[in-house]
Amino acid sequence: MHEHILSSYTHSLDKLRGDVLAMASMARKNLASAMRGLLERDTDLCNAAIAADQDVNELEKSVDKLGMQILVKFQPTAHDLRAVMGTIRVANNLERIADQASSIAKRARILNNLPEYPEVKLIQPVYSLCDRNLDQSLQAFLNADPEAAAAARLLDKELDAAEKALDREIIAVMESQHVELEGYIHLIFIARFLERVGDHAKNICEDTIFIERAEDIRFSKDKRAEVAAAASGTEAP
């Protein structure tokens, strides 16, 4: 009986992890389709990314259901408990990444119906950083590697800086030229969606560290010190 329960438990954990890895593959594919739809002006790819978001949503519901069944039926403790809880949180971040991909695709679809904007190509480096961050975050989770997760988490600052730089560049174009603003506004939103994907990749790193080290490093930035530093004109430590 004990061996049967252990086998069933192991199978359930493997299924949970397998479903999350499938979600990761789908979310990355959706994001790639959305960005290709933008950069190649391919509305069919945009539509595919939007439609596929529902598949990710359904898989997240399955992960939530299975995760709760594992918690109730097997009552795991220590690392196993963190693995189930952390994996559910990873699934939630992947679902949000797919949402961002869908939002990008919707904006790209509108852009594809407007005259071509040469500034669209400026978003490629931001996407490259976003994709790198997501890849390294997922690899750290897959390999149960908290050190790699900690390193990948720090990459988010570079993506944030690239998104802000792109905002400034596009706003400068908008201010210096008498042009229709609609397309540029969509580009700014797309860059922000990519930055949010980076935030979710960072969250996945934090979930990996939580699972493997039992450390919850979410919200570790001292906001009070940051506010005090801003008020005094100094830089927060």
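## D156 and its surroundings

Leaving aside its neighbours within four places in sequence, which residues is D156 in contact with? They are N133, G198, D199 and K202. Keep in mind that this is a predicted model.

D156 is found in helix α6, which covers residues 156-176. It's buried, yet it has no salt bridge. The nearest side chain of opposite charge belongs to K202, 4.3 Å away.

Now over to helix α3 (residues 78-112), where E95 lies. E95 has a relative accessible area of 10%, so it counts as buried. Setting aside neighbours within four places in sequence, E95 is in contact with M23, V56, N57 and E60.

The structure holds three aromatic pairs. In one of them, the ring centres of Y117 and Y184 are 4.8 Å apart and the planes sit at 90°, so the pair is edge-to-face. Y117 is in the loop between α3 and α4, while Y184 is in helix α7, so the pair ties together parts 67 residues apart in sequence. Both tyrosines are buried.

F189 and F193 have ring centres 6.3 Å apart and planes at 35°, so this pair is tilted. Both lie in helix α7, four residues apart, or about one turn of the helix. F189 is partly exposed at 31% relative accessibility, whereas F193 is buried at 8%.

## Charges over rings

R17 lies over the face of F141, 5.1 Å from the ring centre. The charged end of R89 sits over the ring of F210, 4.5 Å from its centre.

Conventions
Residues numbered from 1 in each chain as written. Predicted model: local features only at pLDDT ≥ 70, side-chain atom pairs only at ≥ 80, totals over all residues. Heavy atoms only, no water. Helix = DSSP H or I, 4+ residues; strand = E, 2+ residues; numbered from the N terminus. Buried < 20%, exposed > 50% of the residue type's maximum accessible area, 1.4 Å probe, protein only. Contact = heavy atoms within 4.5 Å. Lys, Arg positive; Asp, Glu negative; His and termini not counted. Salt bridge = Lys/Arg side-chain N within 4 Å of Asp/Glu carboxyl O. Phe/Tyr/Trp six-rings, centres within 6.5 Å; stacked < 30°, edge-to-face > 60°. Lys NZ or Arg CZ within 6 Å of the ring centre and 35° of its normal.
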